[in-house]
Amino acid sequence: TQGYGKMMVAESWTQFETIKDYYGNGSDEFQMSFDFPRAGKIADVVNMSTGAASGIIENYIKMEDEDYPAGYTAATFLCNHDLVASRPATLYKNSEEKQIIAAALLLFLPGTPFMYYGNEIGMDDGNYDGDMKMRTAMEWKKVNEENSILKKYMEFSAIRNERKSVRRGVFKRIYSNKTELLLIEREYE
C-alpha cells in the first residue's frame with residue numbers, strides 16, 4: 001500500500017558468501033536477511049569455555065561489516081521453526097546460564113533480534129521428531145515472575161530499548177587476560 005513503510009526480510013538459509021547477495025547494493029534488495037551462520041556461531045561461542053569465543057564473534061561481525069553493503073542489517077536469531085537448531089534449552093542441556101548467555105548475545109550484538117516463541121521461558125524440544133519439536137504449544141505454565149531466563153530476556157530487552165548504542169552502535173571487542181570473559185562494547189556517536 002502506498003504511503004506506508006515497507007520492509008522485506010530474506011530467509012536465505014545459506015552461507016555468508018551467498019547471504020550478502022540478498023542485500024544488493026544496500027538499498028535495492030532486501031533490507032534484512034536472517035543470519036543463519038550467526039545462529040551457529042552463537043551456539044559455538046556459548047559452548048566454549050575460553051577467551052577464543054570473543055574472537056569468533058569479532059571475526060564474524062568484522063567479515064560482515066567488510067563484505068556486506070553499507071547499511072545492512074542482519075536479522076539475528078537462536079533457532080526457528082525450520083529446525084535450524086534445537087531450542088536453546090535443549091542445545092545447552094537446560095543450563096539456565098548458557099541460555100542467558102545466548103540471549104545476551106542475541107540482544108546485545110549488532111543486528112535486529114528475532115526471538116522464537118518459548119525460548120524466552122526455557123522451552124525445550126520436547127519428545128518430538130523433525131520440525132514438530134519446534135512447533136509445540138507455548139508452555140504458559142513457565143511464564144511467571146520466578147522464571148530466571150524470562151527475567152533476563154526482559155532485562156536485556158529493556159536495556160536494548162533504552163540505549164541507542166546497543167541498537168545501533170558499532171561493535172568492539174574488549175580484550176582481557178581473563179579467559180572466562182567475553183567482553184564487548186557497543187559505541188554510538
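Me: What makes the contact between E155 and K152 a salt bridge?

Reply: A salt bridge is a side-chain nitrogen of Lys or Arg within 4 Å of a carboxyl oxygen of Asp or Glu; in this predicted model, the closest N and O atoms of E155 and K152 are 3.4 Å apart, and the pair therefore meets that definition. In general, side chains of opposite charge can pair when their charged atoms come close. The two residues are three apart in helix α6 (residues 148-162), which means that about one helical turn separates them; helices here are DSSP runs (H or I, at least four residues), strands are runs of E with at least two, and both are numbered from the N terminus.

Me: Why are E155 and K152 called partly exposed?

Reply: Buried means under 20% relative accessible area, exposed means over 50%, and partly exposed lies in between, with a 1.4 Å probe and protein chains only. E155 has 38% and K152 has 29%, so each of these values falls in the middle class.

Me: Which other pairs form salt bridges, and how many are found in the whole structure?

Reply: The search of the whole structure finds eight. Among them, K142 pairs with E139, with closest N and O atoms 3.2 Å apart, and K142 is partly exposed because its relative accessibility is 25%. K133 pairs with D125 at 3.6 Å between the closest N and O atoms, and both of these residues are buried. D35, R38 and E64 are linked in a network of salt bridges.

Me: What makes E17, D65, E66 and D67 a negative surface patch?

Reply: Patches are made of residues with over 30% relative accessible area and no salt bridge, with like charges joined within 9 Å and nonpolar side chains (Val, Leu, Ile, Met, Phe, Trp, Tyr) within 5 Å. Asp and Glu count as negative and Lys and Arg as positive, while His and the chain ends are not counted; the place of a charge is NZ of Lys, CZ of Arg, CG of Asp or CD of Glu. Accessible areas come from the Shrake-Rupley method with a 1.4 Å probe, and for residues only the protein chains shown count as cover. E66, one of the four, lies in helix α3 and is exposed because its relative accessible area is 59%. Helix α3 (residues 52-67) gives the most to the patch, with three residues.

Me: How do you know that K93 is exposed, and what is its phi?

Reply: K93 has 74% relative accessibility, so it counts as exposed. Its phi is near 50°, a positive value in a residue other than glycine, and K93 is found in the loop between α4 (88-91) and α5 (96-108). E189 also has a positive phi, of about 45°, although it is not a glycine; E189 sits in the segment after β6 (183-187) and is exposed because its relative accessible area is 88%.

Me: Why does the radius of gyration of the protein chain agree with a compact globule?

Reply: The radius is taken over C-alpha atoms, and the globule rule is 2.2 Å times the number of residues to the power 0.38. With 189 residues a compact globule would have a radius near 16 Å, and the protein chain has 17 Å, so the two agree. Its C-alpha trace spans about 50 × 45 × 30 Å along the principal axes, and the chain has seven helices and six strands.

Me: Which conventions lie behind these values?

Reply: Residues are numbered from 1 along each chain as its sequence is written, and side-chain values use heavy atoms, with hydrogens and water left out. Because the model is predicted, local features need pLDDT of at least 70 and side-chain atom pairs count only at pLDDT 80 or more, whereas totals for chains, interfaces and linings use all residues.
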